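Hello,

Here is the structure you asked for. Please open it and keep it beside this email while you read.

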There are 2 protein chains.
Amino acid sequence: LAIASVEGDFTLPRVNAYATVEAMPPCDVVLVALKTTQNHLLSDLLPPLVKPGGAVLLFQNGLGMEPAVHALVGEQVLVVGGLCFICANKVGPGQIHHLDYGRVLMAIYGDRYLPQPTSPLLQKIAADFEQASLETRLSENLMLARWQKLVWNIPFNGLSVILDALTDALIAHPQTYKLATQLMHEVAAAAAGYQLEISENHIQAMLADTRQMPPYRTSMKIDYDERRPLEVEAILGNPIRYAAQVGVAMRSTTMLYQQLQFLNERDCLTPRTA
Amino acid sequence: LAIASVEGDFTLPRVNAYATVEAMPPCDVVLVALKTTQNHLLSDLLPPLVKPGGAVLLFQNGLGMEPAVHALVGEQVLVVGGLCFICANKVGPGQIHHLDYGRVLMAIYGDRYLPQPTSPLLQKIAADFEQASLETRLSENLMLARWQKLVWNIPFNGLSVILDALTDALIAHPQTYKLATQLMHEVAAAAAGYQLEISENHIQAMLADTRQMPPYRTSMKIDYDERRPLEVEAILGNPIRYAAQVGVAMRSTTMLYQQLQFLNERDCLTPRTA
């Protein structure tokens, strides 16, 4: 792996890479870094890999991935949700470009996303990450962490694809600034349906951060530009359905979701013709 | 003018064309076929042209153009709203391509869009159109006619630009079909705020017609593809403001409007750089 990083380039000349899970030894800790659009593969990938007493870490955006993984690996395996705050792209096979940030947040998944205290195993994993110079935070409320990240991901991933725009243009234009802010409030209202508070300060800080960031191409925009399947279900469909379960209608998010489904199915799920 | 028409090609070798209104004789009837984005020119164009006792016909999409024209030409000039049901494009200077349909509807503008009986002058104009083989209908309720057309124009003009799509794709995909239908209901609800009834039958008939139509590139999509200013105010902004005046919030239309304003200002109102 060749990593070109804002914090200094480096290469990993030898990595333990496997073409199949059958060729791998069982693991204490399995990090899943697939796009959520590939999560249907996990029922084949995870069972040969995870050890009882081990952990599966889902480093993915969105909401609602953990219940299926929990059902798959059983009570003996810790399911941990991971959120990455990093700007990094795979620019070619084995070629990583690290542009900015670099921090992860982890929290244990509990039944129906109920808060869970951290465990010695998770603390050990976090310590390993920290030892590898990866800034790591732990939370006891995975659902809050996921909704907090959705506050940004829903408007900016969605609008960046629909309007073919980077974050700087979306935040600079008064109409998309207004629309993004309104979407953020809608996400906060959905989280409030689960008694999760996302404050106005959190929203204003995210908007201010986005204004300060260098022009950023969101992950969904990168997927769209590459005509890869979009994470519409994890990032929009699931939050809309979770909100509906507590009686909150995410009307603007639903409109964004409908527009994205159209683009996804037309441009990303059908084979390209020359 | 060279017209390539589904109903037979023809050319008009000599037309009375003028580069300025000052070179034209005053007219009994002035047809305005400008895009609404150019209506700010009318304060220069109309006064030298219209005769007292004459008429100005606005063949334009959208809502809210007539009051300014009425104020401009005064009580002595009849202001008529015209709606074109035709699929025709200007494909080059003097080159017209007529693809489908060909019908106009006209109604007299009355103060605050209150219904107005037709007048002898309008009937005479309609008879001239009919004599020229143009199917012509008259209405006494201009506002109803404008809202009825907006029921189609708001979803299909808007979504065709935002999703870079022709009507057949929008109507075929279940999510955009659903979104278009919802937008149509929102427009009907806005019209209802003015005691104008747009029935469910009207909406279903429009959807069925759109499904039967050959793939159609909307006028706003053509403007966008040519990077010409989009008629966002006449087709979306004004209807939203008229609805707000009677307490109806057009939430989905507003989101469409915000997205279109972003695209319009980024791509159509700023000079293109090579």
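Nine residue pairs, both at pLDDT 80 or more, are in polar contact across the interface of chain A and chain B in this predicted model. A polar contact is a pair of N or O atoms within 3.5 Å; within protein, one must be able to donate a hydrogen and the other to accept it, and residues adjacent in sequence count only if both atoms are side-chain atoms. Salt bridges number zero there (a side-chain nitrogen of Lys or Arg within 4 Å of a carboxyl oxygen of Asp or Glu).

Which helix gives the most to the side of chain A that touches chain B? It is α10(A), with ten residues. Helices are DSSP runs (H or I, at least four residues), numbered from the N terminus. That side of chain A divides into eleven nonpolar, eight polar and four charged residues. Ala, Val, Leu, Ile, Met, Phe, Trp, Tyr, Cys and Pro count as nonpolar, Asp, Glu, Lys and Arg as charged, and the others, Gly among them, as polar.

In all, 23 residues of chain A contact 23 residues of chain B (heavy atoms within 4.5 Å).

Now look inside chain A. Helix α4(A) passes α6(A) in a right-handed crossing (the near helix is turned clockwise from the far one by less than a right angle). Their contact has 16 nonpolar, one polar and no charged residues.

Two notes on conventions. Residues are numbered from 1 along each chain as its sequence is written, and chains are lettered from A in the order in which they are written. Side-chain values use heavy atoms, with hydrogens and water left out.

Best wishes

Notes
Predicted model: local features only at pLDDT ≥ 70, side-chain atom pairs only at ≥ 80, totals over all residues. Helix = DSSP H or I, 4+ residues; strand = E, 2+ residues; numbered from the N terminus.
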